[in-house]
Amino acid sequence: MNAPSQTDLLIVGGGPAGVSAALTAASLGMRTTLVEAERIGSKLYAIGALDNLAGGWTNGPQLAEALTADMERLEATGACTVVLGRAVSVGADAQGAQVLLADGRELRAATVVVATGVSTMGIADVDWVDAPGLLPLPPLWRTMPKALQECGRIVVVGADRPLGTWLRAHPEADVSLHVLHPESDRYKTEEVADDRRVHLAETTHAKLMPIPGGVRVTAERADGGVHTFSADVALMNAGSKPAALPGLTIGTDGYCPADAQDRRILIAGDLKSARMQRIAIALGDGQRCALLPYYERALLPPAGAGTDS
């Protein structure tokens, strides 16, 4: 669908932050367009378990379907237009803010909310692991326990937060997770250190090689020791990388700090920082990004006010 000719708020990304921004903007009477490359809540469909989100959601697909229903309702009432397309850049000029799509379309609005979030890091993104010959590893958080029930030793690359979520969501899972992680992940391991299913190994460098029926792991420790073992399967859990758009001000860590952008470009959700990445926070942040331009305009003095007569 084409965007309306006049748009108050243009939202890039149909995840929790983007949909929350659209709902809030629509409730305030703002003319809203949301751009999504795939489908509403697309990244949520890969989340097998949720355990810390209010409302009783237990997995990502449930939440994605609810967000989709929200957007269908907004579209049906004319409160928001959904545009399918992949955004390739964002910018601002004297006339407002704009987003360029891969098919050449340019969408404009008074304000743009960028809520493109993050994507999962792969082996190639992790500098402390070599895995020649291995196919991309499936993420831990996308893996259901039944897929691991016949596995003995499972090696997990990285101790990012989804590890704790996965374990709490599947207390019945009888697994043996050998978690290799760098020193920078140490603080994240506290929530899982007492789980008997987890075996933590702080690692300076690891090499994973495919072997018949599994993978061979060589892990080097900070004290110079080397641990070599075989595992039935390897899973990825090294964290996320920001899905930033060209045109945004990007920090040294690849994220897009909200206070560094043009005032007409707002950053919502996980794209802002590696910290505080939670769905509930993204929902609230999307609302914040819709409220900011609303109040900015609402508090402007009437045309001609304040001039000398």
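Tutor: Buried means under 20% relative accessible area, exposed over 50%, and partly exposed in between (1.4 Å probe, protein chains only). Helices (H or I, at least four residues) and strands (E, at least two) are DSSP runs, numbered from the N terminus. The model is predicted: local features need pLDDT of at least 70, side-chain atom pairs count only at pLDDT 80 or more, and totals for chains, interfaces and linings use all residues. Residues are numbered from 1 along each chain as its sequence is written, and side-chain values use heavy atoms, with hydrogens and water left out.

Student: Which residue of E2 stands opposite Val12?

Tutor: Two strands pair if DSSP finds at least two bridges between them. E1 and strand E2 (residues 32-36) run parallel and are joined by four bridges. In E2, the residue opposite Val12 is Val35.

Student: What is the bridge partner of Leu9 in E7?

Tutor: E1 is also joined by four bridges to strand E7 (residues 111-114), and these two run parallel. The partner of Leu9 in E7 is Thr111.

Student: Which residues lie nearest the centre of the second largest pocket?

Tutor: A pocket, on a 1 Å grid over the protein atoms alone, is an open set of points where a 1.4 Å probe fits, with protein on both sides within 12 Å along at least five of seven lines; lining residues have an atom within 4 Å of a point. Helix H4 (residues 279-298) gives the largest share of this pocket's lining, four residues. The lining has 13 residues, and those nearest the centre are Thr111, Arg263, Arg264, Glu296 and Arg297.

Student: Which strands do the buried residues of H3 pack against?

Tutor: In helix H3 (residues 162-169), the buried residues are Leu163, Gly164, Thr165, Trp166 and Leu167. Contact means heavy atoms within 4.5 Å. The buried residues of H3 pack against strand E11 (176-181) and strand E12 (198-202).

Student: Is Met276 buried or exposed?

Tutor: Met276 sits in the loop between strand E18 (265-267) and H4. Its phi is positive, about 60°, although Met276 is not a glycine. With a relative accessible area of 63%, Met276 is exposed.
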